[in-house]
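The points may be read alongside the sequence and the structure.

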Amino acid sequence: MRVFQISSLLLAASGASGAVLESQNGGGFEDGQPIDGNGKGAPILGGTNHALDLQNPDNLGQQSTDNGVVPNVKWSFSDSKTRILKGGWVREQVVTDLPTSKDISGAQQHLTKGSIRELHWHRVAEWGYVYAGSISVSGVDQNGQFQVATLEEGDIWYFPKGVAHTVQGLDDENEFLLIFDDGNFDAVGTTFNVDDWITHTPKSILAKNFGLSEDVFGTVPSPNPYITNGTVDHHNVTGGNGELTGNASFAYFSKDHPLEKVPGGGGTLRIVDSKTFPIATTIAATVVTLEPKGLRELHWHPNAEEWLYFHKGQGRATVFLGSSAARTFDFRAGDTGVFPDNSGHYIENTSDTEELVWIEIYKSDRVEDISLTQWLALTPAGIVATTLKIPLDVAENLQKEKQLLIKNR
């Protein structure tokens, strides 16, 4: 009996139809030209960014299975304006950069040792992932409970909407991904910085509120610096109504949580949602490492759109919107993307040697996906065979367990 995985079958069919990369006379997709070698296309003679054409052969029409109108779902942090500040920098992707990303916005932020992302809060939730260095995060909730935590590479934090917090760099150089559960993060009324508020409050009110002299507030910076230089703070916080721990903790330490089982054997998968990080009720995530030429199997997410940050490597994905609309995108390190709610897709590592590492984000309390192969395998085989016009024995032997990440064979 033959055992097939429908993900591999369909991907192979798609790849075969776009496999001819060069025409007989030279040129083609791998040379940054829209020429398929089968009589379609012609060289670009006008202005073009050749480096981008080489990085994005699927924008040139490489995948013959692409069809219809699919909006852009890709943005690179390299295209974002970087704010350079004393003690670090930040660059972001919001809905004005990528209009299809309505639920999620993201940013990369860098802090030098001792530098502080000043005290602030948001009207949206904040989720962060440390990918270089180490940081200290501190937050205080409405009950006067607090937490100060040291996070290393691979650790995560989550501050619910309205929780007061700050971040400080501990190593010489520190960098992390920031996520917010609103695509329009730059809107006025989203972020509130403490020094900005204090400098726009009458000093007589400040003195009455804090029980201090008005002179104390004469040196509060204005405009607020956003990031400011400092020295690593070693004070212990006590008092209030105690420290937040257990299910109320703002911090997720990756060393305390095992990786998920990956039947397809093609990489590693870490799910971080309310089941493993209880306080994170509006942002769920998956951290994925995919082996060279491996495949994140064909699937969709029934509960949310999928926002992505590609941290390392290069890959491609085809997004299927229904009604015969499909488009393939090429991704590499530093790119972000968004797959619309319930859209079918896969992600393939296109490198022969390098792992593809990315983070998936969902505006939800949990990560959910439906595998195409598993769906078909758990549907009566005769119906599947008749619908797809495939042999019955193929339908009978599809994998009944999600493969998740499929190893290249």
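**Notes on a cavity and a sheet**

1. The lining of the largest cavity comprises five nonpolar, three polar and two charged residues. These values, like the others in this note, come from a predicted model.

2. The residues that line the largest cavity are Q109, R117, H120, H122, E126, V167, L178, F180, F185 and Y226. The volume of this cavity is about 70 Å³. The count of cavities of 30 Å³ or more comes to one.

3. Which strands each supply at least two residues of this lining? They are β5, spanning residues 116–122, and β11, spanning residues 173–180. The largest share, three residues, comes from β5.

4. A separate topic is the sheet. Strands of a sheet pair through backbone hydrogen bonds, in either a parallel or an antiparallel manner. In this model, six strands form an open sheet with antiparallel pairing, and their order is β1-β21-β18-β23-β16-β15. The edge strands are β1 (74–76) and β15 (267–272), each of which pairs on one side only. On average, neighbouring strands of this sheet are turned by 20 degrees against each other, with direction ignored.

5. Strand β1 pairs with β21 (residues 335–339) in the antiparallel sense, over three bridges. Which residue of β21 stands opposite W75? It is T336.

Terms used. Residues numbered from 1 in each chain as written. Predicted model: local features only at pLDDT ≥ 70, side-chain atom pairs only at ≥ 80, totals over all residues. Heavy atoms only, no water. Pairing = 2+ DSSP bridges. Helix = DSSP H or I, 4+ residues; strand = E, 2+ residues; numbered from the N terminus. Axes fitted to C-alpha atoms, helices over the stretch in contact; angles between N-to-C directions. 1 Å grid on protein atoms, 1.4 Å probe; cavity = no way out; pocket = protein on both sides within 12 Å on 5 of 7 lines; lining within 4 Å. Points joined across faces, edges and corners; volume = space filled by probe spheres on them. Nonpolar A, V, L, I, M, F, W, Y, C, P; charged D, E, K, R; others polar.
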